[in-house]
Amino acid sequence: MLLLGSTLQNQVQTDWQTYIMIAIYFIILLIIGYYGYRQATDNISEYMLGGRNIGPYITALSAGASDMSGWMIMGLPGSVYRTGLSAIWITIGLTLGAYLNYIIVAPRLRVYTEIAGDAITLPDFFKNRLNDKNNILKIFSGLIIVIFFTLYTHSGFVSGGKLFESAFGLNYHIGLLLVAVIVIAYTFFGGYLAVSITDFFQGVIMLIAMVMVPIVAMMQLNGWDTFNRVAEMKPTNLDLFRGTTTLGIISLFAWGLGYFGQPHIIVRFMSIKSHQLLPKARRLGISWMAVGLLGAVGVGLTGIAFISDNHIKMEDPETLFIVMSQILFHPLVGGFLLAAILAAIMSTISSQLLVTSSSLTEDFYKLIRGEKHAAEHQREFVLVGRLSVLIVAIVALAIAWSPNDTILNLVGNAWAGFGAAFSPLVLYSLYWRNLTRTGALSGMIAGAVVVIIWIVWIKPLATINEIFGIYEIIPGFLTSVIVTYVVSLLTQKPGDFVNKDIEKVKTIIREK
């Protein structure tokens with residue numbers, strides 16, 4: 001736990017203005033949840049995908065906010081504080097990956113998922129794309145989503161617990177429950193529309209916060225000379241290459257590979273009104289992301305000097321933003337900045353809960369219930385979706401009850417799992433005519449298994465040789481690419497309908 005000075009600790013615990021700001025923020029989220037409940041939850045497509053009627057700006061900030069999560073405000077500044085500017089390679093990799101995601105994946109996925117049986121989940125798309133009548137591909141991809149997203153969601157709850165423990169002196173478990181109750185409430189009732197609108201609102205708050213804190217910190221310190229001071233304290237602080245290794249840079253840069261297979265992000269592309277609106281979404285989304293990530297790096301760098309000047313003992317660098325926001329600003333503004341952390345945390349949790357819920361409903365419950373009369377049971381499917389939100393949240397809470405890793409590591413493991421399992425498969429599905437069901441299934445499973453093996457058994461060997469410490473998405477992604485390609489060539493080719501679908505998608509995008 002972070003050790004603050006007694007004056008700061010008492011102020012944060014007792015200042016009513018900070019609590020009021022947080023309460024207002026919670027109330028706004030619940031109002032948006034109620035609005036989503038009234039507007040777009042009559043059928044499963046509305047509840048899970050907003051009826052494919054979301055505008056470009058909500059799409060952009062919703063994708064960004066659900067992507068960045070608490071690690072941008074807590075994990076990344078903490079990493080920069082520990083290692084210096086060399087941690088910026090992860091921001092470069094992520095920004096490039098997100099940009100390519102908008103260019104390579106977004107247009108085709110938006111069009112193709114609608115053509116392929118109006119699929120509203122990735123497993124549903126894989127099934128329809130490859131004519132998977134036995135639903136094996138759908139079931140396995142759904143299992144991967146449920147397993148990895150439950151782990152991913154629990155990292156968000158850990159962030160929430162840390163926030164309330166560090167900023168308010170509350171018990172970690174009380175913080176977990178507070179975050180869980182609010183995020184479950186608006187996701188449970190409001191569905192995708194509520195999640196998207198709250199993500200937009202939260203994205204604006206996050207951007208303001210990530211610009212304010214480093215700028216005000218610099219003004220209080222020595223302006224631009226602050227960075228000279230940071231370099232003097234430790235030469236590697238402002239060096240892109242020192243303080244890390246070539247493999248370390250490759251590992252950070254490789255985070256960008258995961259974008260093509262993150263269900264909670266690419267589902268935003270599936271929900272936009274038209275693929276023609278994606279360029280607008282891309283311009284706003286990438287700009288928001290670049291500014292936010294640079295701000296996070298700025299928090300980490302200025303924090304090195306700030307913590308030293310204020311003689312604060314930092315036992316957990318991931319609480320750096322919390323400390324700086326509460327010392328630098330009036331309690332009302334401090335409350336707003338704490339709301340920014342909650343925004344980052346809750347936007348990702350809600351998106352992950354909804355995607356996991358949609359997979360449990362679409363990819364499992366519908367198979368058990370039977371899809372023959374699916375149109376007659378829409379309200380039943382919406383109810384099942386809501387109950388799935390609750391179940392996944394409870395499981396994630398149980399895992400988060402006793403955290404044993406950093407936020408960045410927790411997010412990194414889940415990110416690698418999705419990136420290795422789904423990124424190659426999404427790209428192959430959208431661009432390669434010779435992809436087969438067997439190839440898709442083999443590559444997906446191989447990627448996920450390699451990631452798990454690497455985390456559990458290979459990575460601990462990094463003390464013997466640095467190569468074993470490489471980010472697990474790299475061996476997982478490469479394995480999935482190779483296995484999918486080789487097995488597809490060795491198995492039966494897909495039917496002509498696949499070729500026609502790909503050509504139809506290309507034609508629609510060209511026509512615009």
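Student: Let's pick a residue: how accessible is tyrosine 485?
Tutor: Tyrosine 485 is partly exposed, at 40% relative accessibility. The cut-offs, with a 1.4 Å probe on protein chains only, are under 20% relative accessible area for buried, over 50% for exposed, and partly exposed in between.

Student: Where does this model come from, and what got counted?
Tutor: It's a predicted model, with local features needing pLDDT of at least 70 and side-chain atom pairs pLDDT 80 or more, while totals for chains, interfaces and linings use all residues. Residues are numbered from 1 along each chain as its sequence is written, and side-chain values use heavy atoms, leaving out hydrogens and water.

Student: What does the pLDDT look like for the chain?
Tutor: The chain's average is 86, and 93% of the residues score at least 70. That's the predictor's confidence in each residue, from 0 to 100.

Student: How are tryptophan 89 and phenylalanine 241 arranged?
Tutor: Their ring centres are 5.6 Å apart with the planes at 50 degrees, so this pair is tilted. They link distant parts of the chain, 152 residues apart: tryptophan 89 is in helix H5, and phenylalanine 241 is in the loop between helix H9 (225-233) and helix H10 (246-253).

Student: And are those two buried or exposed?
Tutor: One of each. Tryptophan 89 is buried at 15% relative accessibility, whereas phenylalanine 241 is exposed at 51%.

Student: Back to tyrosine 485: how does its ring sit against tryptophan 432?
Tutor: Those two are stacked, because their planes are at 25 degrees, with centres 5.2 Å apart. Tryptophan 432 is in the loop between helix H16 (407-431) and H17, and tyrosine 485 is in helix H18, so the pair ties together parts 53 residues apart in sequence. Tryptophan 432 is buried, with a relative accessible area of 16%.

Student: Which residues make up an aromatic cluster?
Tutor: Tyr112, Phe125, Phe126, Phe149, Phe418 and Phe422 form one.

Student: OK, charges now. How many salt bridges are there?
Tutor: Ten, going by this rule: a side-chain nitrogen of Lys or Arg within 4 Å of a carboxyl oxygen of Asp or Glu. One of them joins arginine 52 to aspartate 118, with the closest N and O atoms 2.8 Å apart. Arginine 52 is in the loop between helix H3 (44-49) and helix H4 (56-83), and aspartate 118 is in the loop between helix H5 (89-115) and helix H6 (122-129), 66 residues away. Arginine 52 is buried at 8%, while aspartate 118 is partly exposed at 37%.

Student: What about lysine 366 and glutamate 362?
Tutor: Their side chains form a salt bridge at 2.8 Å, N to O. They're about one helical turn apart because they sit four residues from each other in helix H14 (residues 331-369). Lysine 366 and glutamate 362 are both buried.

Student: And which partner does lysine 459 have?
Tutor: Glutamate 472, with the closest N and O atoms 2.6 Å apart. Both are in the loop between helix H17 (437-458) and helix H18 (473-490), so the bridge ties together parts 13 residues apart in sequence. Lysine 459 is partly exposed at 30%, but glutamate 472 is buried at 1%.

Student: Which residues are linked in a network of salt bridges?
Tutor: Arg433, Glu503 and Lys506.

Student: Last one: how covered is helix H11?
Tutor: Helix H11 (residues 263-271) is mostly covered, with nine of its nine residues buried. Among them are His264, Arg268 and Phe269.

Terms used
Helices (H or I, at least four residues) and strands (E, at least two) are DSSP runs, numbered from the N terminus. Rings of Phe, Tyr and Trp (its six-membered ring) pair if their centres lie within 6.5 Å; planes under 30 degrees apart count as stacked, over 60 as edge-to-face and the rest as tilted.
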